[in-house]
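Please read them with the structure open.

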Amino acid sequence: NALTGSSGDCRPCPCPERTACAQVPGTGEVVCTNCPHGRRGTRCEICDDGFHGDPSGQSGAARPCRPCDCSGNVDPNAVGVCDHLTGRCLKCLHHTDGDRCQHCQRSYYGNALDTNADKCKSCSCDPRGTAGPLEDCHPATGQCLCLGHVTGRDCSRCAIGYFNLSPGQGCERCNCNPTGSSS
Amino acid sequence: RPTPRPDVTPLSPGTHLLFAQSGKIEHIPLDGQSMKKSEAKTLLHLPDKVVIAVAYDCVEKMVYWTDITGPSISKASIQGGEPITIIRTDLESPEGIAIDHLGRTMFWTDSMRDHIEVASLDGSQRRVLFDTDLVNPRPIIADPAHGHLYWADWNRDAPKIETSYMDGTNRRALVTDNLGLPNGLTYDPQTSLLCWADAGTRKVECMNPSRSDRRKVMEGIQYPFAVAAYGRNLYYTDWRRDAVIAVDRAVGRETEEYLPQKRSRLYGITTAYAQCPSGQNYCTVN
C-alpha cells in the first residue's frame, strides 16, 4: 500500500524471476499474475497444464517445470495430459500404458516407442489353444501361453506330429503307423 | 516491484469477453465491436486451477467454468464474490460448458468419460444426456430460445458437430465432412449462425443450422481453441499465438488481437452480454 507514505509501503512481489503480482481486494492475499513460462499458482509453485515438476520443492527436491513426456503417445490437442507434480501421463493413446505411455496396455504387445500407428497389437490368443487368460501374452513378442503341443504366437496351430486342436485339450499325437508314413 | 493493479474487479456495465488462461479468468470490455484492451483485467484468480471452459449466465450475471485439476465445475458472480463449486464428483476431463439461461440448467462435456451431462444451475438434478458415440467431445453450446443443443467432437478418426433438443431427443450429426479438430463452437442468437473454429483445417466456418448453408469465414488461422460470437465479430483464443483474435465475420478478416501480459495458453472464451438475448423459453411455448 503506497498510500500511507512510509518507506516500507511497497514490497517486492514474492514471485520468481521478479514477475508481477497483485493484491486481491477484500482478502488482501498477494497472488503472482505473470508466472514464468510453464508455471502457475499463487507463488508460481505449480506447473502449468502440459508441464510437470515441483519448481519450489514443495514435496521433495525442487524440479523445474518440464513439458509432459508421454513418449509421443498423447494427442497434442488434448488438455491435462500429465500430472503436474509427478508427470504421470493420464491420456495414453494407441493402447499404450505406463507413467510415460512407454509400454503396451495389458492384452496388447509390441513396442510402445515405435512411431507406427499399430505399435501395440492385440494379443488375440486363440481360445482353443491357450492355457490361462486369453488377454495375457508376452509384452514384446506377443507369444500367448499355449496348451501342450500347440504352437504359433497366438496358439492357433498344432506342433509337428500333432493334430486336432480342441478347446482346453490342446493337440493329439498323430499316431501314424511308422511303416506307411513318409516322415 | 509490486504492481498496483486492482484485481478481481467487478465488471462494468456493457458487454464483455470472458476467457480462461490457466489459473485465472480474464475479461475484456467491448466497445461496440472493438476490444477495450487497456481495460482488460483479471476477473478471477484461481491460481491452483486449470480452467478450460467458461460460460455466462446473463440472468444472475454469473460466470461458470470447468477445471480439470479438481476436476470440478464452479461459478462466481461477475460483481465479485467467492467461487462456489457446484459439481465435484464423477468428473474426469470437463472441457465444455453451456448455460440455458431460460431453463436454468447447464450442460457439459467430459472427454474422458465421453459423456454429455445436464444439471440445474445449483448442481442438483444431474443426469447423463449422452454416453454413446462420443470420443473427444469438447465445445458445447445451447440455443435456449429454440431448445437446441450443439456440440463438437474432435475425434481424429471421425470429427463431427452434432445437435439435439435440450432434453436429449432428436440427436443427429450436423457436420461430418471436412472437419479436423473442431475445438471451438459458438452460436449467435441474433443471426442464428452456428460457427466453429477448427485447429485441424485451420478454418473458421459458419452455417445456419436449419439451412445447412455452410460457408468459410477465414482460413489459414493458427491453432484455435475456443470461439465466441458478438455482433459481426467472432473472437477466438489461439494456442500458438497465446492471444484473443477478433475476426470480422462479414468480410472474413482479422481485425484485432489481444495479447495478455502472461504468455501461456488461452482456453475457453465466452460473451458476457449486458442483457440477455431476447427469446422465449421453448418450454413456455409448448
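1. In this predicted model, Cys123(A) and Cys137(A) are both buried. The two are joined to each other in a disulfide with an S to S distance of 1.9 Å, and the torsion of -65 degrees about the S-S bond makes the link left-handed. The pair connects distant parts of the chain, since both cysteines sit in the loop between β10 (120-122) and β11 (150-151) of chain A and are 14 residues apart.

2. The disulfide of Cys68(A) and Cys82(A), with an S to S distance of 2.1 Å, is left-handed because the torsion about its S-S bond is about -75 degrees. Cys68(A) and Cys82(A) both lie in the loop between β6 (63-67) and β7 (96-97) of chain A, so the bond ties together parts that are 14 residues apart in sequence. Cys68(A), at 19% relative accessibility, counts as buried, and Cys82(A) is buried at 8%.

3. Cys92(A) and Cys101(A) form a disulfide with their sulfur atoms 2.1 Å apart, and this link is left-handed, with -85 degrees about the S-S bond. Cys92(A) counts as partly exposed at 23% relative accessibility, whereas Cys101(A) is buried, with a relative accessible area of 0%.

4. Which cysteine sulfur is closest to that of Cys10(A)? The closest is in Cys13(A), 10 Å away, which is too far for a bond. Cys10(A) is partly exposed, with a relative accessible area of 48%.

Note on methods:
Residues numbered from 1 in each chain as written. Chains lettered and ligands numbered in written order. Predicted model: local features only at pLDDT ≥ 70, side-chain atom pairs only at ≥ 80, totals over all residues. Heavy atoms only, no water. Disulfide = S-S within 2.5 Å. Helix = DSSP H or I, 4+ residues; strand = E, 2+ residues; numbered from the N terminus. Buried < 20%, exposed > 50% of the residue type's maximum accessible area, 1.4 Å probe, protein only.
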